[in-house]
Amino acid sequence: MASINSILVLKLTAIFCLIIFPLLLSSINADQNSNFLYDDDTEDQDEEWILDTPFSYSNLRGKSYVAKIKKGTSCDTKKYNICNGVPANNGTSMLYCCKNHCRNVLGDMNNCGVCGKKCKFGQRCCGGVCTDVVYNRMHCGKCNNACLPGVPCDYGYCGYA
């Protein structure tokens, strides 16, 4: 009887190690990664852009004007393409229609510079260029976060060591 209980304990331990433990680790890893290099990607889900020049288009009611666009707004290129190289937020954003949704190619890690260009792990899209933010003193941890002169950028933090 003792051997059956020990086999059962062994099987349950194996199941825990093979299934549950990796799930726990991945959730811990996801929490840590969300606070590090990619923290403001989740925060800007409700981001909206103020167009530098309002976009006008004709519909059944006459002419309509669009002055703001929310991130992810649908942009049907056949009817009216409201984000085809449209500058926004006083030139700090450039909107393009990527897979039928408006994206800022100057700051979107999945559409950096052009639609479909993804930045690698440890990089952010800074001004349309995939930039290393782990060791770059001018973009330490995030875009445009410069370290003080003489202070290195290590692991996304100025003067980490």
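The questions below take the labels one by one.

Modeller: This is a predicted model, in which local features need pLDDT of at least 70, side-chain atom pairs count only at pLDDT 80 or more, and totals for chains, interfaces and linings use all residues. Residues are numbered from 1 along each chain as its sequence is written, and side-chain values use heavy atoms, with hydrogens and water left out.

Biologist: What makes C75 and C97 a disulfide?

Modeller: The term is used for a pair of cysteine sulfur atoms within 2.5 Å. The sulfur atoms of C75 and C97 are 2.0 Å apart, so the pair qualifies. A search of the whole structure finds 8 disulfides.

Biologist: Which parts does the pair of C75 and C97 tie together?

Modeller: C75 lies in the loop between β2 and β3, and C97 in strand β4, so the linked parts are 22 residues apart in sequence. Strands here are DSSP runs (E, at least two residues), numbered from the N terminus.

Biologist: Why is the disulfide of C98 and C115 called left-handed?

Modeller: The torsion about its S-S bond is about -75°, so the link of C98 and C115 is left-handed. The link of C75 and C97, with 95° about the S-S bond, is right-handed.

Biologist: Why is C98 called buried and C115 partly exposed?

Modeller: Buried means under 20% relative accessible area, exposed over 50%, and partly exposed in between (1.4 Å probe, protein chains only). C98 has 5% relative accessibility, so it counts as buried. C115 has 39%, so it counts as partly exposed.

Biologist: What makes up the largest nonpolar core?

Modeller: A nonpolar core is a set of buried Ala, Val, Leu, Ile, Met, Phe, Trp, Tyr and Cys residues joined through side-chain atoms within 4.5 Å. The largest has 12 residues, among them W49, L51, C75 and C97. The elements that give two or more residues to this core are β1 (48-59), β2 (62-70), β3 (86-88) and β4 (93-98).

Biologist: Why is C147 called buried and C158 partly exposed?

Modeller: C147 has a relative accessible area of 6%, so it falls under the limit for buried. C158 has 33%, so it is partly exposed. A disulfide joins C147 to C158 (S to S 2.1 Å).

How values were computed. Helix = DSSP H or I, 4+ residues; strand = E, 2+ residues; numbered from the N terminus.
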